[in-house]
Amino acid sequence: MEIITEDLIYLDIELVSKEEIIDCLADILIKQNRITDKYQLIADIYHREEEASTSMGLGIAIPHTQSNSVLEASVVLIRLKRKIEWNEDKDVQIIFGIFVPVENIDNQHLKILSKLARQLTNQGFREQLLRVQTPEECRRQLEGLNQR
Amino acid sequence: MKKIIGVCACPAGIAHTYMAAENLENLAKKRGYQVKIETNGSSGVENSLTDKDIIEADYVIIAADTRVEMERFRGKKLIEVSVSDAIRDGEKIFSQLDADKLDIY
């Protein structure tokens, strides 16, 4: 199964808080049969958020967890219509949710995710994500992620 | 050319470890340093620092929110920061390096 598909990309949606977004991430993953338990996943995401904010001042938050409820390594991309507050940052517009199973993890998947994380520090890459018009275009932008 | 080595590590080891490493590598190259950053992430230790790397290094940057094997850096000029600092305030770390203001570990 691919890590990111068009069904996992939502562009220009209206969510106003971190809490709404985390709930929405879990809904998307349930709908795509990538997790078993919405509420366990949400609890695990918050557990990670409590250790340290996953927004790092680049306009992007990366809520993530390695959770028993995750069936398949998945990336969910949400681009918001309006910037929101995410802990101390006030300008978060892109959310990359990264979800990794606890067992049977494919090391290749972890490598793909580390490559994505590295790309996020590149301003040009972030600007392209803000410009894409459709989930299809966005997926193509992230294509490297699905290459094995 | 001066050489920087470093270690990045965070609790989940899925995202921020690698963002910090990428940022430090890019800033170092931009400033003309030779650079090698070890990542301690969920897929294990990558780009491991060798004894030779450590001997050759002028500066060591530790950007970690978890425990890192530190004994190997005894006697080196070293700076310890959080992963968040390495991503948000990389420039600040390098201004301390550029001024050669690091304490010896």
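A salt bridge is counted here when a side-chain nitrogen of Lys or Arg lies within 4 Å of a carboxyl oxygen of Asp or Glu. By that rule, four salt bridges cross the interface of chain A and chain B, and in one of them the side chains of Glu88(A) and Arg88(B) meet at 3.6 Å, N to O. This is a predicted model, in which local features need pLDDT of at least 70 and side-chain atom pairs count only at pLDDT 80 or more, while totals for chains, interfaces and linings use all residues. Residues are numbered from 1 along each chain as its sequence is written, chains are lettered from A in the order in which they are written, and side-chain values use heavy atoms, with hydrogens and water left out.

Taking contact as heavy atoms within 4.5 Å, 25 residues of chain A touch 17 residues of chain B. The area buried between the two chains, meaning the accessible area (1.4 Å probe) lost on putting them together and summed over both, is about 1800 Å², and carbon and sulfur atoms give 64% of it. Of the area that chain A buries against chain B, Met56(A), Arg118(A) and Thr121(A) supply 37%, more than any other three residues.

Turning to the annotation, UniProt lists residues 2–99 of chain B, in an unreviewed entry, as "domain: PTS EIIB type-2", although such annotations may be inferred rather than shown by experiment. Over residues 2–99, chain B is 37% helix and 30% strand, with the end C-alpha atoms 13 Å apart; helices (H or I, at least four residues) and strands (E, at least two) are DSSP runs.
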